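Dear colleague,

Please find the structure below.

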Amino acid sequence: MTLNLYSFFHLNLGYSAIEEVERPKVIEKCYWPILRLASRYSVPIGIELSGYTLEIINKIDSSWVKELRKLIASGQCEIIGCGYSQIIGPLVPSKVSEINLKIGNKIYQKILGTKPQIALINEQAFSSGIISNYKRTGYRAIIMEWDNPYREHPEWNSELSFFSQKLKSHNGETIDLIWNKSIG
């Protein structure tokens with residue numbers, strides 16, 4: 001059996017520790033190297049970012065967005081969605097979460113010409129009630145952290161972390177789950 005690894009990078013220009021005047025520097029020193037890595041070594045890389053961060057990058061450095069579009073078209077990069085902003089789905093009304101995902105998808109489509117099929121659960125805060133929102137907004141899979149749920153379920157077989165799973169909502173809807181390991 002072959003183990004296939006996939007890396008993705010989380011981009012967030014709305015992070016409180018990044019001053020607005022530092023955003024161009026973050027794009028040049030952090031975000032451009034990710035695209036260069038994908039291009040130079042032809043390794044598939046996922047890029048997760050909110051619609052808000054994508055809008056900011058496009059305003060500051062549209063050439064980065066053009067390069068990302070090129071890498072998406074060639075299959076070297078894949079966009080992973082999270083909505084317009086990184087709201088914590090289980091903490092807001094369901095309709096707010098759904099609208100956030102819809103607005104994010106419109107921004108991805110407008111700027112990148114594509115809509116993500118996979119989403120990262122914001123702040124890794126999951127509840128079965130949010131599955132419906134991801135399904136209704138066109139996502140086929142979500143990425144969620146393995147380490148914290150596993151810590152609460154020591155009876156789980158640790159080998160499960162290497163295989164995709166299915167999640168079921170309270171109303172019976174299912175969505176594919178990709179485990180993310182954030183602790184190296």
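Does R36 count as buried, exposed or partly exposed? At 34% relative accessibility, R36 counts as partly exposed (buried is under 20% relative accessible area, exposed over 50%, partly exposed in between, with a 1.4 Å probe and protein chains only).

This is a predicted model, in which local features need pLDDT of at least 70 and side-chain atom pairs count only at pLDDT 80 or more, while totals for chains, interfaces and linings use all residues. Residues are numbered from 1 along each chain as its sequence is written, and side-chain values use heavy atoms, with hydrogens and water left out.

Salt bridges

R36 forms a salt bridge with E28 (3.7 Å, N to O); the term requires a side-chain nitrogen of Lys or Arg within 4 Å of a carboxyl oxygen of Asp or Glu. E28 is partly exposed, at 39%. By this rule there are 6 salt bridges. Another joins K70 to E67, with the closest N and O atoms 3.4 Å apart. E67 is buried, at 18% relative accessibility. K166 and D176 are also paired, at 2.6 Å between the closest N and O atoms. This pair links distant parts of the chain, with K166 in strand β6 (residues 165-168) and D176 in strand β7 (residues 174-180); strands are DSSP runs of E, at least two residues, and helices runs of H or I, at least four, numbered from the N terminus. K166 is exposed, at 58%, and D176 is partly exposed, at 26%.

Yours sincerely
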